[in-house]
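Work through the exercises below with the sequence and the model side by side, and try each task before reading its solution.

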Amino acid sequence: MGKFTVLNHPLIQHKLTIIRRKDVGTKEFREVANEIAELMVYEITRDLPLEDVTIETPMGTTTQKELAGKKLAVIPILRAGLGMVDGVLRLIPAAKVGHIGMYRDEKTLKPHEYFVKMPSDIEQRDLFIVDPMLATGGSANMAIDALKKRGATNMRLIVLVAAPEGVKAIQEAHPDVDIYAAALDDHLTENGYIFPGLGDAGDRLFGTK
């Protein structure tokens, strides 16, 4: 069973409350969503491997630590996942970016894949799949399926707000994928939205209706 972790750092909680407010505009929503993603990745990358390196400081030679060349990629689930990419890249600018497009059939609520463009070596990379909302888990499950089909083996799902139903769906379908959320919310509404949630993250990020 993949682990589910709520990253309850005070700054993450504070910033999430800001964007939950319905009167927050597109510009602020976009900026703060990326700030939360950046803070989350800071917490998630605590286990990145380090190696010794010999360097010269102004005072002389010393052995210090640096990242051990771990290959990372950030994979936004389109379109709302784009709202977290810049935050991740601010911390890990060398990460590659793949894109995976899903749309949800409004009648059946089932996701459909329409676009997948990945780095050529995803099987060698640790993938951070990002999407603001984990609601039913349908889109994330399909995205993980699509990545596994293309050779990916090491994935983590990073979301701002999760519903218990979505967490359960991912853990059942993909027990090898850990989930990180800024909050675990109460439940899904009848039309598949997270309550209390933050509305439609895509619309709020891009100013659409």
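A salt bridge is counted when a side-chain nitrogen of Lys or Arg lies within 4 Å of a carboxyl oxygen of Asp or Glu. The model examined here is predicted.

**Exercise 1.** Decide what the salt bridge between Glu-113 and Arg-150 ties together.

*Solution.* Begin with the distance: the closest N and O atoms of Glu-113 and Arg-150 are 3.5 Å apart. Next, locate the partners: Glu-113 belongs to strand β7 (residues 111-117), whereas Arg-150 sits in the loop between α4 (138-149) and β10, so the pair ties together parts that are 37 residues apart in sequence. Finally, consider accessibility: Glu-113 is partly exposed at 34%, and Arg-150 is partly exposed at 35%.

**Exercise 2.** Find which residues of helix α1 are buried, and determine how they are arranged around its axis.

*Solution.* In α1 (residues 10-20), the buried residues are Ile-12, Lys-15, Leu-16, Ile-18 and Ile-19. They cover an arc of only 150° around the axis, which puts them on the same side of α1. Their packing partners are α2 (26-44), β10 (154-162), β11 (178-184) and α6 (201-206). Lys-15, with a relative accessible area of 19%, also forms a salt bridge with Glu-35, where the closest N and O atoms are 2.8 Å apart. Because Lys-15 lies in helix α1 and Glu-35 in helix α2, this pair ties together parts that are 20 residues apart in sequence.

Note on methods
Residues are numbered from 1 along each chain as its sequence is written. This is a predicted model: local features need pLDDT of at least 70, side-chain atom pairs count only at pLDDT 80 or more; totals for chains, interfaces and linings use all residues. Side-chain values use heavy atoms; hydrogens and water are left out. Buried means under 20% relative accessible area, exposed over 50%, partly exposed in between (1.4 Å probe, protein chains only). Helices (H or I, at least four residues) and strands (E, at least two) are DSSP runs, numbered from the N terminus. The arc is that of the directions from the helix axis to the C-beta atoms. Contact means heavy atoms within 4.5 Å.
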